[in-house]
Amino acid sequence: MTKVTAAITISLDGYITGPNDGPNQGLGAGGERLHYWVFGGPWTYDEEPRGEAVGADKQYLDEAFGRGGAVIVGRTMYEAAGHWGGNNPFGVPLFVLTHRPEDEPAEGGFTFVNGLDDALARAREAAGDKDISIGGGADVIRQALEAGYVDELSITIAPVILGEGKRLFEGFTRSIDLEQESVLQSPLATHITYRLDGDADAT
C-alpha cells in the first residue's frame, strides 16, 4: 500500500540549513556539514561533490529510493538546488509546489503544481503501489504534517550545531504522537524513522 513519507536532515540544534541559504548555497553557510553523509565525507559548494554514501548511510538511501514512486518538493528547495541542473535527479516523477505553475520548464522531468492536495493526488497516480516522498523544504513538510498526510517521518541528525538558519519545526502548532520504527547510525549521521499516529490531535 502506498505510504506518504517525509524525510529531511537537521543539525543537532534543529536547523535544516545554515544562514543565508539560496541558489549556489542551498544548505546555507556551513550547511554542507548536514549532507556529509550523502557524499561519504566532506564536500563544499566550491566544487562538484564526487563521493557517495557508504555503510549505514547507503543502506538508508537505498531503502528509501527502492520504495519511492514519486517525490514532492517545494519551489524554494527547487530554486536553492539550482533546478538540479535542469534535470530531475530522483528517477521518479517529481512534483514541485509553486504558486506559479506556469513557470514549469518544458524539459527536465519537473511537474509544477499549485497546492499540496493536488500534488498528492497526482503523485499517488504516478507512484502506483510505491511510496510518495515529501522531500522538503521544511515548510512543505510542516504543511503535510499539519494536514495529517504523513504516514512515516524520517529525521536524519547530522552531528553539527549550526546556531542559526532555518528550523524544521519553526511555528509548528500540532501535537503528534510518533512511534519509532528504526534507527541507522554512521559516523556522519543518525537516521531515525518514525510511524505517525493517525489519531493525533491539533492543539
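## Surface and charge

The protein chain exposes about 10500 Å², and carbon and sulfur atoms supply 48% of that area. Accessible areas here come from the Shrake-Rupley method with a 1.4 Å probe, and for residues only the protein chains shown count as cover. This is a predicted model, in which local features need pLDDT of at least 70 and side-chain atom pairs count only at pLDDT 80 or more, while totals for chains, interfaces and linings use all residues. Residues are numbered from 1 along each chain as its sequence is written, and side-chain values use heavy atoms, with hydrogens and water left out.

On the charge side, the protein chain carries 15 positive and 32 negative side chains. Lys and Arg count as positive and Asp and Glu as negative, with His and the chain ends not counted. The centres of the two sets lie 1 Å apart, where the place of a charge is NZ of Lys, CZ of Arg, CG of Asp or CD of Glu.

## Overall build

Five helices and ten strands are found in the protein chain; helices (H or I, at least four residues) and strands (E, at least two) are DSSP runs, numbered from the N terminus. The radius of gyration of the protein chain is 16 Å, close to the 17 Å that the globule rule gives for 203 residues, so the chain is as compact as a globular protein of that length. That radius is taken over C-alpha atoms, and the globule rule is 2.2 Å times the number of residues to the power 0.38. Along the principal axes, the C-alpha atoms fill a box of roughly 40 × 40 × 30 Å.

Of the 203 residues in the protein chain, 41% are buried. Buried means under 20% relative accessible area, exposed over 50%, and partly exposed in between (1.4 Å probe, protein chains only). Among contacts in the protein chain with a separation of 6 or more, 63% come from residues 24 or more positions apart; a contact means heavy atoms within 4.5 Å.

Let's follow the pairing from β1 onwards. Strand β1 (residues 4–11) runs parallel to β7, and seven bridges join them; two strands pair if DSSP finds at least two bridges between them. In this pair, I10 stands opposite I157 in β7. Six of the seven residues of β7 are buried, so β7 is largely enclosed by the rest of the structure.

Strand β7 (residues 152–158) is also joined to β10, this time antiparallel and by six bridges. Here T156 stands opposite H191 in β10, and L153 stands opposite Y194 in β10. Strand β9 (residues 178–185) pairs with β10 in the antiparallel sense over seven bridges, with L178 opposite L196. β9 and β10 form a hairpin with four residues between them. Because five of the seven residues of β10 (residues 190–196) are buried, this strand is largely enclosed by the rest of the structure.

## A closer look at T5

T5 has its place in strand β1 and counts as buried, at 9% relative accessibility. Which residues does T5 contact, leaving aside its neighbours within four places in sequence? They are R67, D131, I132, S133, I134 and E152.

## Around helix α5

A cis peptide bond joins G136 and G137, with omega about 5 degrees. G137 is found in the loop between β6 (131–136) and α5 (138–146). Within α5, A138, V140, I141, R142, A144 and L145 are buried.

After α5 comes G148, whose phi is positive, near 80 degrees. G148 is found in the loop between α5 and β7 and counts as partly exposed, at 45% relative accessibility. The C-alpha atoms of G148 and Q59, which are 89 residues apart along the chain, are separated by 28 Å.

N24 is not a glycine, yet has a positive phi of about 70 degrees. N24 is found in the loop between β2 (15–17) and α1 (36–39), and at 71% relative accessibility N24 counts as exposed.

H83 is also a residue other than glycine with a positive phi, near 60 degrees. The loop between α3 (75–80) and β4 (94–97) holds H83, which is partly exposed, with a relative accessible area of 30%.
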